[in-house]
Amino acid sequence: MNRMFPISAAILALCVSLPLLAQTGADAGQQLYKTHCFVCHGQEGESIPGVSFRSGKFRRASTDEELARLILNGIPGTGMPPTNLTVDDRRNLVLYLRSMHSAGADATSEGNIANGKAIFEGKGGCVSCHRVAAMGSRSGPDLSDIGSLRNESYLAKSLLDPDHAIAPSNRFIHAVTKQGVVIDGRRLNEDTHTIQIIDKQERLMSLNKSDLREFTLVKASSMPSYRAKLSQQEITDLVSFLLSLKEPQ
Amino acid sequence: MKISALCLFPLLLSAQVSFDRLLHADREPQNWLTYSGALSGQRYSLLDTVTPQNVRNLELKWVFQARSLEKFEATPLVVDGVMYFAEAPNHVFALDAKSGRVFWDYDYHPSKDARVCCGSVNRGLAILGDTLFMGTIDARLIAIDSKSGRPIWNTEVGDPKLGYSVTHAPLVVKDKVLVGVAGGEYGIRGFIAAYEAKTGKEAWKFYTVAGPDDPGGKTWAGDSWKNGGSPAWLTGSYDPSLNLVYWGTGNPGPDWNGDDRAGDNLYSDCAVALDADTGKLKWHFQFTPHDEFDYDAVQIPVLVDSNWQGRPRKLLMWANRNGFFYVFDRQTGKFLAGSPFAKINWATGLDEAGRPMRAPNSAPTPEGKLIYPNLFGATNWYSPSFSPRTQLFYIPTWQDSNMTMAKMTQKYVPGQRYTGGLPRAANAGGRRGTRSTPVEDSAYGSILALDPQTGKKKWEFKMTDVTDSGVLTTASDLLFAGGREGYFYALDARTGAELWRASLGGQMEAGPITYAVDGKQYVSIAAGQALFTFALRD
């Protein structure tokens, strides 16, 4: 019995200090991130197309050990070089990478997810442009995993002030061919000579710029502001629903 | 030169590649004997059977698919019908240049200690006699038998554990093989070194970071020179009449924080002219003194003999990553002219000696400064071209690029990144994915034709996305280049008009070449993870 107290105290102390240790490690990892990762991956870990640290998912690693191994060895065939970071440094860097996900994408608002879903599918009319899982239109961006990619404040801003939150990659275009055919759709890709779009009838189209008489990038969002259409509580519920969308279906 | 004229040199076929042949590469335009096609660095070919009139009939002849998923940055060599290059990181191939079929390959496996900032790449090989030379990403120089692919010797250039690597094509001068090192983001002390072609023994070494007792040593505060960077990761050029080698050097380290390296930091961001036999510095010119923007002067030095203000002069032309185009007297290093070819805000201009006048408050701060051009530069290592026929200088450019450059305090740890900064929010450089969609205020790419006499733009061929492609010009006034969008173009070198294009499905990060076999002219370019070769329809 005499020995139980110190052991319990030690366990208690460990339980109290573990989160603190993790935080300290993540802070150290943040410095390592700035030194070794920032230039390519960017502040939010989203600078490389197809790679999002905020999503909490890594294509080539699942466990912390696998992530640490990638940090050590780099990824052959890509721009990611090996490092000579110590075991502790790699552990701390992994802690920070994990925290990039939990710091933003796991956040939830205080709304009612079920109410938000009902608004999304009903009153809000969101499905007329957006798709979640297998339901809704493809003409706007698919939101099936938006909760992994965006945080609460970004989503709220998108609903209230769509023009200022629209990602340039989601712009719509308005084009008129030399034959006078009007084409409107969401730009999927563009280069010097061509534009690829999905139009409102969900047709994938590739346009040659040389065939167009008129081509305009529509900078205003085609989504209306919900400032006057939904109450504050409804906005909160809708944001909660969107934040709950984590995985592509 | 018409193809029939090529038959005047039948004795060259299957002969060893003497240094005399390298000196007079213009006598055998059917071959591509050095990284830039000639020691002058002009990337200009005398072949002229593909013309502005028939170029629309170019068709794909063969494709070489690389096994590596790393960037394919290599410029091939072509010697008497055999093509040589290395796919990343250091896997050498010899192919039939007519069919693309493989004769042999040599797969060197670099040490796991190798670390490179920006891709485990190889930009090409050099040849002398029957021997190929390859620099490796674990900082070795390897001699390889060009007939069999067997290694002959393998010598250490630098310590890969400290971040030294060799990514560029070596330069053969006389009986020596010259290479520089990469590693400017790892706190190396850069150098250019010459090795005996026969043995691999080091002949001379020129440190591109002046030591405390060297001339220029006072341009580094304290011990900062020890980790001063200043790499030399691209091939130099050579003038036999002056026996001078010209080479560009890279950024001082740490890249974005100059606090601990007060001074100009010689010989970072310089053009250096070295005695080819001894490596002694003849002259230097520093493009970006006390660089805090990562503006490596790592470009191909282009040597041009031309009239300058009415009299013949040996010129050196240089389009720099910092946004300025320069012309020098390459005998003396005298600055003759300079002007910006892209939007810049870090300098207000050049003074009479060519030194940039730094814009007030342009140094990176912890919070960050918006700087034009961004760290990738207004151009970079991508080969420019000079056509003696048009007298124009052609630059692959990034226009209107910017980036917020922020500095941070960083301690040097051997073998770890040592950049001292947090560059972010570039308006170009992030479009390396499957799509090239521009966003508002995106930088764009272009091929820019400059009149070197005035620095004025003659024409500009704009691309939506930026370009990492080199430029080739020919004696029929064609220009070949590509971009990140995957298009490979033939342009009219006099007007910039597009004459032909092919969609290759991968970005071009290499320089095009042209060569001929059995009288037929070919054009090759690496795109994505493959090498594509075109010729006129039979």
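Biologist: How many residues does the contact take from chain A and from chain B?

Modeller: In this predicted model, the contact takes 24 residues from chain A and 33 residues from chain B.

Biologist: And which elements of chain A each supply at least two residues of the side that touches chain B?

Modeller: Those are helix H1 (4–36), helix H2 (38–41) and strand E4 (182–190) of chain A.

Biologist: How do the residues on that side of chain A divide into nonpolar, polar and charged?

Modeller: On the side of chain A that touches chain B, 14 residues are polar, six are nonpolar and four are charged.

Biologist: Switching to chain B, what is the order of strands in the open sheet of four?

Modeller: The order is E19-E20-E21-E22 in chain B, and the pairing is antiparallel. Strand E19 (302–308) and strand E22 (335–340) of chain B are at the edges, where each has a single partner strand, so one side of each is left without a neighbour in the sheet. From one strand to the next, the twist averages 25 degrees.

Biologist: Over how many bridges do E20 and E21 of chain B pair?

Modeller: Strand E20 (residues 311–319) and strand E21 (residues 324–329) of chain B pair over five bridges in the antiparallel sense, and Ala319(B) stands opposite Phe325(B) in E21(B).

Biologist: One more residue: is Asp538(B) buried or exposed?

Modeller: Asp538(B), which is found in the segment after strand E37 (530–536) of chain B, counts as exposed because 7 other C-beta atoms lie within 10 Å, and the cut-off for exposed is 12 or fewer.

Biologist: How far apart in space are Asp538(B) and Pro414(B)?

Modeller: They are 57 Å apart, C-alpha to C-alpha, and 124 residues apart in sequence.

Definitions and conventions: Residues numbered from 1 in each chain as written. Chains lettered and ligands numbered in written order. Predicted model: local features only at pLDDT ≥ 70, side-chain atom pairs only at ≥ 80, totals over all residues. Contact = placed C-beta atoms within 7 Å. Nonpolar A, V, L, I, M, F, W, Y, C, P; charged D, E, K, R; others polar. Buried ≥ 20, exposed ≤ 12 C-beta atoms within 10 Å, placed from the backbone. Pairing = 2+ DSSP bridges. Axes fitted to C-alpha atoms, helices over the stretch in contact; angles between N-to-C directions.
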